[in-house]
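Keep the structure open while you read.

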Amino acid sequence: MRHPLVMGNWKLNGSKHVVNELIAALRNELSSVVGCDVAIAPPVTYLDLAKHHLGGSRIALGAQNVDTHLSGAYTGEVSAEMLKDIGAKYIIIGHSERRTYHKESDEFIAEKFAILKEAGLIPVLCIGESEAENEAGQTEAVCSRQIDAVLNSLGAKAFENTVIAYEPIWAIGTGKSATPAQAQEVHKFIRDHIAKHDAAIAEQVIIQYGGSVNAGNAAELFTQPDIDGALVGGASLKADAFAVIVKSAAEAKQA
């Protein structure tokens, strides 16, 4: 049985004070929760401080990006080995904000995926369609293209011990969200698409939902058979809201 993962993506938010206070609150809120893995991805400047405050807790450290190079003259970049050295475990790649603002291609994201696997880190591969693509009925075509960039270069075995986050772009930070049935349909498509190459691997892959997950819709989303937790944006900056999402995931999968 797959173990759900709820991961908080803090994006470009936080301060030393926020790291201290939020992690302390999360440790308190989640101390008795079992049945769901939990991670947070603060901005890179706060990873070391966050790791210190997470010590001894069940909350894993994540990061929001990685470079394709391990070292060298690449000003401003952070390598997989650096993230591993600081104690990060789950690394977000392919987020729509980076695909859009930094023009990251499917092929470039596949390179990042490969670098993370080589370093023994867990990629959290974000995929998803825009509102226009959704309205044009291109959801499956977009998701399969983004997955195929990895499948075609690395093979299905690369998805072992990997997370995929389906994030419909039209639902990120907009307050809109796919219905549980809509999200389940896409998640099942993603799993079935990988299963064409390796059914066993497909059954193991954690597929999170990431389109405006909040305390109000989490419970119903997590009852869907192919939704294995969530990649959470804004709600991850509020300990009580994030805790409700984590608890919902744990309870749904234990039911």
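Q: What radius of gyration does the chain have, and which value would a compact globule of 255 residues have?
A: This is a predicted model, and the values are computed from it. A compact globule with 255 residues would have a radius of gyration near 18 Å. The chain agrees with that, at 17 Å.

Q: What box do the C-alpha atoms of the chain fill along the principal axes?
A: The box is taken along the principal axes. The C-alpha atoms fill roughly 50 × 45 × 35 Å.

Q: How many helices and strands make up the secondary structure of the chain?
A: Both kinds of element are present. The count comes to 11 helices and 8 strands.

Q: What percentage of the contacts between residues at least 6 apart in sequence join residues at least 24 apart?
A: Start with contacts between residues at least 6 apart in sequence. Then keep those that join residues at least 24 apart. Their share is 74%.

Q: What percentage of the residues of the chain count as buried?
A: Buried means under 20% relative accessible area. The chain has 255 residues. The part that counts as buried is 53%.

Q: Is Ile-115 buried or exposed?
A: Ile-115 sits in helix H5, residues 106-119. Beyond its neighbours within four places in sequence, Ile-115 contacts Asp-67, Thr-68, Leu-70 and Ala-80. Its relative accessible area is 13%, so Ile-115 is buried.

Q: How far apart in space are Ile-115 and Glu-81, C-alpha to C-alpha?
A: In sequence, 34 residues separate Ile-115 and Glu-81. In space, C-alpha to C-alpha, the distance is 9.3 Å.

Q: Is Lys-103 buried or exposed?
A: Lys-103 is in the loop between H4 and H5. Its phi is near 55 degrees, a positive value in a residue other than glycine. The cut-off for exposed is over 50% relative accessible area. Lys-103 has 67%, so the residue is exposed.

Q: Where is Asn-161 placed?
A: Asn-161 is not a glycine, yet it has a positive phi of about 55 degrees. Its relative accessibility is 54%, so Asn-161 counts as exposed. Its place is the loop between helix H7 (139-154) and strand E6 (163-166).

Q: Which helix gives the largest share of the lining of the largest pocket?
A: The largest pocket holds about 540 Å³ of space. Of its 23 lining residues, Lys-11, Gln-64, Asn-65, Arg-98 and His-102 are the closest to its centre. The lining divides into 11 nonpolar, 7 polar and 5 charged residues. The largest share, 3 residues, comes from helix H4.

Notes. Residues numbered from 1 in each chain as written. Predicted model: local features only at pLDDT ≥ 70, side-chain atom pairs only at ≥ 80, totals over all residues. Heavy atoms only, no water. 1 Å grid on protein atoms, 1.4 Å probe; cavity = no way out; pocket = protein on both sides within 12 Å on 5 of 7 lines; lining within 4 Å. Points joined across faces, edges and corners; volume = space filled by probe spheres on them. Helix = DSSP H or I, 4+ residues; strand = E, 2+ residues; numbered from the N terminus. Nonpolar A, V, L, I, M, F, W, Y, C, P; charged D, E, K, R; others polar. Rg over C-alpha atoms; globule rule 2.2 N^0.38 Å. Buried < 20%, exposed > 50% of the residue type's maximum accessible area, 1.4 Å probe, protein only. Contact = heavy atoms within 4.5 Å.
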